[in-house]
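Student: I am new to this structure. Could you show me how to read its features one by one?

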Amino acid sequence: MSALALHEQFVTPEAYLASELRSPIKHEYIGGAVHAMAGARNAHNQIAGSTFLALGKRLFGKKCRPFNSDTKVRVKMPNQLRFYYPDVQVVCDSNPHDDSFQDRPVVIVEVLSKATRRLDEGEKWDAYQTIPSLDAYILVDSTHTSVLVFRRTDSGFKKEVYTERKSSIPLDSIGIELPLSEIYDGMDFADLALVK
């Protein structure tokens with residue numbers, strides 16, 4: 001989802017977290033600036049929901065758990081604190097149940113759209129790379145079958161591309177594979193060609 005600037009005044013992290021628990025809309029936090037989240041199309045929500053479901057059924061009863069877009073991730077960058085709402089994240093070392101955010105995601109999934117692509121591939125990716133626990137950053141296109149995976153290696157993150165629905169994404173750090181057929185379950189991109 002994309003963010004719209006809410007106001008320019010500095011907000012403390014504590015004030016942001018407290019107000020977010022009462023707010024009817026979600027906001028992201030970038031170094032003291034708060035940005036309202038824009039809504040998403042059905043295609044985006046269907047893909048995010050299918051991805052959450054596919055991860056959830058494979059991780060059922062295991063230590064690692066998926067969280068949907070209602071859970072923030074806190075990113076402690078060298079000179080700035082940020083809170084984002086990823087579409088899906090998998091966490092194996094969870095924060096306490098009374099927190100409203102996670103600090104140690106192993107996998108983060110963002111669903112790309114025309115409105116969010118630049119943010120997800122740029123600002124968010126720059127921030128997410130600084131999370132020590134992150135093993136894989138997955139970018140799922142919502143207009144055609146295409147998934148980019150940035151996987152942590154000893155020499156940095158390496159990019160992988162998946163374009164076949166019969167493919168599966170190996171996620172060794174959480175002991176599963178994620179099939180593209182389930183990510184894109186029910187998606188007919190011919191319908192999206194009519195929407196401009």
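**Reading the model**

Tutor: Start with a pair of facing residues: Pro-170 stands opposite Glu-177 in strand 14. Keep in mind that this is a predicted model.

Student: How many bridges join strand 13 and strand 14, and in which sense do they pair?

Tutor: Strand 13 covers residues 168-171, and strand 14 covers residues 176-179. The two pair in the antiparallel sense, over four bridges. Their hairpin has four residues between the strands. In that hairpin, Gly-175 takes a positive phi near 70°.

Student: Which residues of strand 13 are on its covered face, and which on its uncovered one?

Tutor: Ile-169 and Leu-171 form the covered face. Ser-168 and Pro-170 form the uncovered face.

Student: Now a helix. Which residues of helix 1 are buried?

Tutor: Helix 1 runs over residues 13-22, and Tyr-16, Leu-17 and Glu-20 are buried there. They cover an arc of only 95° around the axis, which puts them on the same side of helix 1. Glu-14, Leu-21 and Arg-22, on the other side, are exposed.

Student: What do the buried residues of helix 1 pack against?

Tutor: They pack against several strands, including strand 2 (27-30), strand 3 (33-37) and strand 5 (72-77). Strand 6 (80-84) and strand 8 (101-102) are also among their partners.

Student: Next, the disulfide. Which residues does it join?

Tutor: The general idea comes before the case. A disulfide is a covalent bond between the sulfur atoms of two cysteines. This structure holds one. It joins Cys-64 to Cys-92, with 1.9 Å from S to S. Cys-64 lies in the loop between helix 2 (42-59) and strand 4 (65-67), and Cys-92 in the loop between strand 7 (88-91) and strand 8, so the pair ties together parts that are 28 residues apart in sequence.

Student: What is the handedness of the disulfide, and are its cysteines buried or exposed?

Tutor: The torsion about the S-S bond is about 105°, so the disulfide is right-handed. Buried means under 20% relative accessible area. Cys-64 is at 11%, so it counts as buried. Cys-92 is at 15% and counts as buried too.

Student: How many salt bridges are there?

Tutor: Side chains of opposite charge can pair when their charged atoms come close. The count here comes to 11 salt bridges.

Student: Which side chains meet Glu-182 in a salt bridge?

Tutor: One is Lys-57, at 3.2 Å from N to O. Glu-182 lies in helix 5 (residues 180-183) and Lys-57 in helix 2, so this pair ties together parts that are 125 residues apart in sequence. Another is Arg-58, at 2.7 Å from N to O. Arg-58 also lies in helix 2, so its pair with Glu-182 ties together parts that are 124 residues apart in sequence. Glu-182 is partly exposed at 22% relative accessibility. Lys-57 is exposed, at 52%.

Student: Which residue forms a salt bridge with Arg-151?

Tutor: Glu-160 does, with the closest N and O atoms 2.8 Å apart. Arg-151 counts as buried at 14% relative accessibility, while Glu-160 counts as partly exposed at 23%. There is also a network of salt bridges, which links Glu-28, Glu-110, Asp-120 and Lys-124.

Student: Last point. Where does pLDDT stay under 50?

Tutor: Over residues 1-7. Where pLDDT is low, the predicted coordinates should not be read in detail. The mean pLDDT of the protein is 91, and 93% of its residues reach 70 or more.

Key:
Residues are numbered from 1 along each chain as its sequence is written. This is a predicted model: local features need pLDDT of at least 70, side-chain atom pairs count only at pLDDT 80 or more; totals for chains, interfaces and linings use all residues. Side-chain values use heavy atoms; hydrogens and water are left out. Buried means under 20% relative accessible area, exposed over 50%, partly exposed in between (1.4 Å probe, protein chains only). The arc is that of the directions from the helix axis to the C-beta atoms. Contact means heavy atoms within 4.5 Å. A disulfide is a pair of cysteine sulfur atoms within 2.5 Å. pLDDT is the predictor's confidence in each residue, from 0 to 100. Two strands pair if DSSP finds at least two bridges between them. A salt bridge is a side-chain nitrogen of Lys or Arg within 4 Å of a carboxyl oxygen of Asp or Glu.
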